[in-house]
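Work through the exercises below with the model open. Try each task before reading its solution.

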Amino acid sequence: MINIVLPVDFGDKTDQLVDGAIKFAKQLNGRIYLIHVAPSDIGFAIGDMGFQYFPEVEANEIREELVQLNKIEQRIIGHDIECEHLLKQGLAKDIILEHAKAKNADYIVMGSHGRSGIYDVFVGSLTKGITKSSNIPVLVLPIHD
């Protein structure tokens, strides 16, 4: 069976990315390892007293993201594709690449909005970073409006 790592960010194009990954997995008789990487600083805020940490904010956000991951996992399973999910906090590129290696991934499936240039300078591109650093083939699906 082919192992596919599918990172999701819960953006407005996540459904399109999941649809493409489902189609790809069906063609290859693949299993999907769904992953979401939350930032490490979810519970931090800047207030009158400087940086403050609010563990309840972090816990609530993580809980909501797990609910979303579970929904996507159930959707994938509903297409008769094996799926499991993982939510971790940290640096997305590093965690995704580590997870792909740990799961013996044959492919990483990512989306691209087709942005480039100045957007990458200021925001960066996770897909671009993964494709530059990965020893595992990366399937980049075009995700456009």
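The exercises go from the whole chain to single helices and then to the cores.

This is a predicted model, where local features need pLDDT of at least 70 and side-chain atom pairs count only at pLDDT 80 or more, while totals for chains, interfaces and linings use all residues. Residues are numbered from 1 along each chain as its sequence is written, and side-chain values use heavy atoms, with hydrogens and water left out.

**Exercise 1. List the secondary structure elements of the chain in order.**

Step 1. Take helices (H or I, at least four residues) and strands (E, at least two) as DSSP runs, numbered from the N terminus.
Step 2. Count them: the chain has five helices and seven strands.
Step 3. Read from the N terminus: β-α-β-β-β-α-β-α-β-α-α-β.

**Exercise 2. Check the length of helix α1 and find its buried residues.**

Step 1. The expected span is 1.5 Å times one less than the number of residues.
Step 2. Helix α1 (residues 14-28) has 15 residues, so it should span 21 Å. Its end C-alpha atoms are 21 Å apart, which agrees.
Step 3. Apply the burial cut-off: buried is under 20% relative accessible area, exposed over 50%, partly exposed in between (1.4 Å probe, protein chains only).
Step 4. Buried residues of α1 include Leu-17, Val-18, Ala-21, Ile-22 and Phe-24.
Step 5. Look past the helix: Asn-29 follows α1 and has a positive phi, near 55 degrees.

**Exercise 3. Locate the buried residues of α5 and name what covers them.**

Step 1. Within α5 (residues 126-133), Thr-127, Gly-129 and Ile-130 are buried.
Step 2. They lie on the same side of α5, because their arc around the axis is only 165 degrees. The arc is taken from the directions from the helix axis to the C-beta atoms.
Step 3. Their cover includes α3 (92-102), β6 (107-112) and β7 (138-142).

**Exercise 4. Describe the largest nonpolar core.**

Step 1. Define the core: buried Ala, Val, Leu, Ile, Met, Phe, Trp, Tyr and Cys residues joined through side-chain atoms within 4.5 Å.
Step 2. The largest one has 22 residues. Leu-6, Val-8, Val-18 and Ile-76 are among those with the most contacts inside it.
Step 3. Sort by element: β1 (2-7), α1, β2 (30-38), α2 (55-77) and β5 (83-89) each supply at least two residues. The largest share, six residues, comes from α1.
Step 4. Follow Val-18. Contact means heavy atoms within 4.5 Å. Not counting residues up to four places away in sequence, Val-18 touches Leu-6, Val-8, Ile-72, Arg-75 and Ile-76.
Step 5. Then find the second, separate core: its 13 residues include Ile-35, Ile-95, Leu-97 and Ala-100.
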